[in-house]
Every structure is written in C-alpha cells, then in structure tokens.
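Here is a quick tour of one model, strand by strand and then into the core. Have the coordinates open while you read.

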Amino acid sequence: MADTSPLFEPLSVRGLSLPNRIVMSPMTRNFSTDGVPGEDVAAYYKRRAEAEVGLIITEGVGVDHPSALGEAGMGKRQADIPFMYGEAALAGWRRVVEAVRGAGGLIIPQLWHMGGFRLQGTGPYPEAMSIRPSGFWGPVGRHTSTPAAFIAKVSEPLPAPTDETVQDLVDGYVRSTAAAMSVGFDGIAVHGAHGYLIDTFFWAETNQRDDRWGGDMARRAEFAVQIIKGLRREVGPDRPVIFRYSQWKQHDYLARLGETPDDLAAFLEPLVEAGVDVFDVSTRNFDRPAFEGSELSQAGWTRKLTGVTTMAVGGVGVARDGQIFTVDNLDRVLARFEAGEFDLIAVGRALLSDPQFARKARTGEAFIPFNAEAYDVLV
Ligand SMILES: Cc1cc2nc3c(=O)[nH]c(=O)nc-3n(C[C@H](O)[C@H](O)[C@H](O)COP(=O)(O)O)c2cc1C
C-alpha cells in the first residue's frame, strides 16, 4: 500500500485548521423528515468525524427560498432533504454540529437550490414557481441518466424569474448562511454544479437573459458572485467559503463551461474576486485530463489558474465496471497530490459504505467492499 502520510499533513484555510486532506464529499441522504436532521443524521456524521475525516461537507441543504426543493428525478432519493432555515431544522443542525465537534471533527453545510430540476408543484412549498434563468429547462436528448419520463414532466416551460426574484434568491443564500453560522458550522459550501440553479446561470444553454444576470461568461457568473459576496460577509474573516462547480450538467454529462484553459480562467476569475477560499471541482474521475494536450486534471487546472486552495473528487476508493466496486487507488491520488494538482481530496461513495475510510487510508487496513445498500441506510 502507498505511503499516505502526505495526505495526513494539516492545512489551514482562513482561520480553520484541517488535520488532514481527506474531506467527506456532499451527499444527499434523504433522512431528514420535514427538513429536520435528527439523531441518526448526527450519529452518521459523527462516525466519520471519529474516524479521522479531516472535514465533513454535509449533504446538499435547501436554501431559504420556497422554490429550492422538490422532486428532482432521483427516485426515492429525493424526499426528506434537510433545510437551512426554520427553528426545528436549525435545532437539528445544532445537534449535528455538537456531535461532530464532540468527536473532534469539522463540519460545513452545502447550500443547495435545485433550480430547474425541481418539478413544479412538489416539495415543501408546492405552490412556488420553479426557477430557470430564462424560463426554459434546457437541452433535452443529451447524454444524461435522468429518466426521459421525468425530463418530459420537468421540462414544461415556465416564466423566467424577474430581476427582483433573482435578488430574492441571492438573499435566500445569505440568510441560510447566517443561520448556518448561528448554529456553529465551520464555514459554508455552495453547490454551484451539476446543472442546478447556480450552474444554470453559468451555462449559456440555459441562461439567455439580457439583463444584469446574463450575457458573456463574466455576466453569467454575476448571480454566483452576488451570492458569494453576500454570504462572505456572514461567514466572517476566519471561516472558509467553499464553492463547487462542474463542467458536466445533469442535463448533459458532456456539457462544458469552458473549452480551453483560457475559458476556464475567465469563468473562475470573478468567483475568486468575490471571495471563494476553496474550489471543490466536481468531476467523475479525479485524474481524468481536462483539456487536450495536457495530463492535468480539472482540479489541477483550477489550482494552476487561480492559486486558490483546490479540492479534487471522483472515483477515490471506488471504480465502476457495470457495478461499483472498491479499489485501492490511493497511490494515484498521491501521485497527483504530490505533483501539486490539488490540496484536498474529497471522498463520496467510499465513505458512504465505509465510515472508517479515512482512518484506514492512514493505517492500511482493508476497506469494507462497496455495497449499493449503503445508499439506502445511514451506517
Ligand atoms: C448518494 C449521492 C448523493 C450525492 N449528493 C450530492 C449533493 O447533495 N451535492 C453534491 O454536490 N454532490 C452530490 N453527490 C456527488 C458527490 O459529492 C461526489 O462528487 C460524487 O459521488 C463523486 O465522488 P465519489 O466517486 O467519491 O463518490 C452525490 C453523490 C452520491 C453518490
């Protein structure tokens, strides 16, 4: 087994000291009835904190806007998503934070708005209008695993949000950040990826607005910029803002925000200026080259172009061959880490099935073989 000790070096981001480089990737779990995380959710995160995960990023949590959540085409994995607003949910989160902190861990929530993937008429506020920047859902018939029957339902055209509604959405992120800080989280993470709300503002195929929220790449980033600037003030100087982006969209796995490193630089620059401390670069394979002519991964390019602390993700500890199975590929993680491509490595599915993944990555003990039942239980 590889010498993983470099991954167990500490890292400071703003005032936060991470004991090592292994981060739990955000994963929707659907165990928070009426949006309220309970004792089982607290125990689930605590188990990972006890087993040396350097930083936990929670599942996506609904931001304070009635249009944030609903059915999103993920089968039964779409009910009982937690909220980051309201007394009951915040009391639940306070217990989660206390449990993780009691185990010596760090925890940051991921703020989520489903955007156009929310099926109109569903979720905690069924009467709320689903939000797509220009009203229409986006391209259909692309390379996607979203069921065609769901796309047929969700892609009914809706009115585009007014300028005032877009501003209300920004305010919702800021309010949820203030709420998260009030219960003691160690920073904030923003879901700007995968074709959900923020990503549809970035993407030219879904954002064709001609007001201040649309136009060239920099203008399409304005929604994210206003969110980051607004929540940056609530987070304060000592805690980090983590921003997740992806080239791929659930509408289209082959979609790209940038075809070249220059395009990527133009996309990232306004986000850096707005105050992002960590880029969480969502890819399906942490070591896939991002652009022709270079071996550098998407995370590697992000770090090289911005100099900002960067996290890679995708396929650590798991691989797919029809079914998902466990692999030990930490040697490949280390090779890229030591080459300076990223500062942090996020682990998703391997940490679902084996809560001890981080500790075992240090000690060399065998991982629990991946079992898809882990999706449906909180072990
Ligand atoms: C069950 C499940 C739920 C997920 N939910 C989220 C989510 O809420 N927010 C998010 O940004 N990514 C989500 N993801 C993506 C993961 O964070 C991660 O990027 C992806 O699984 C690839 O990492 P892995 O190969 O280590 O699992 C989810 C993935 C899984 C498997």
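Asp 321 sits opposite Gln 323 of strand E11. That pair belongs to a hairpin of E10 and E11 with 1 residue between them, and Gly 322 in the turn has a positive phi of about 75°. All of this comes from a predicted model, where local features need pLDDT of at least 70, side-chain atom pairs count only at pLDDT 80 or more, and totals for chains, interfaces and linings use all residues. Residues are numbered from 1 along each chain as its sequence is written.

Strands (E, at least two residues) and helices (H or I, at least four) are DSSP runs numbered from the N terminus, and two strands pair if DSSP finds at least two bridges between them. Two such pairs:

| Strands | Bridges | Direction |
|---|---|---|
| E10 (residues 318-321) and E11 (residues 323-326) | 4 bridges | antiparallel |
| E8 (residues 278-281) and E9 (residues 309-313) | 4 bridges | parallel |

In the E8/E9 pair, Asp 280 stands opposite Met 311. Both strands are part of a closed barrel of 8 strands, E3-E4-E5-E6-E7-E8-E9-E12, with parallel pairing.

Now for the core, meaning buried Ala, Val, Leu, Ile, Met, Phe, Trp, Tyr and Cys residues joined through C-beta atoms within 7 Å. Buried means 20 or more other C-beta atoms within 10 Å of a residue's own, with C-beta atoms placed from the backbone. The largest nonpolar core has 106 residues, and Met 311 turns up again among those touching the most other members, along with Tyr 45, Ile 56, Ile 188 and Ile 345. Helix H4 (residues 163-182) supplies the largest share, 7 residues.

Terms used
Buried ≥ 20, exposed ≤ 12 C-beta atoms within 10 Å, placed from the backbone.
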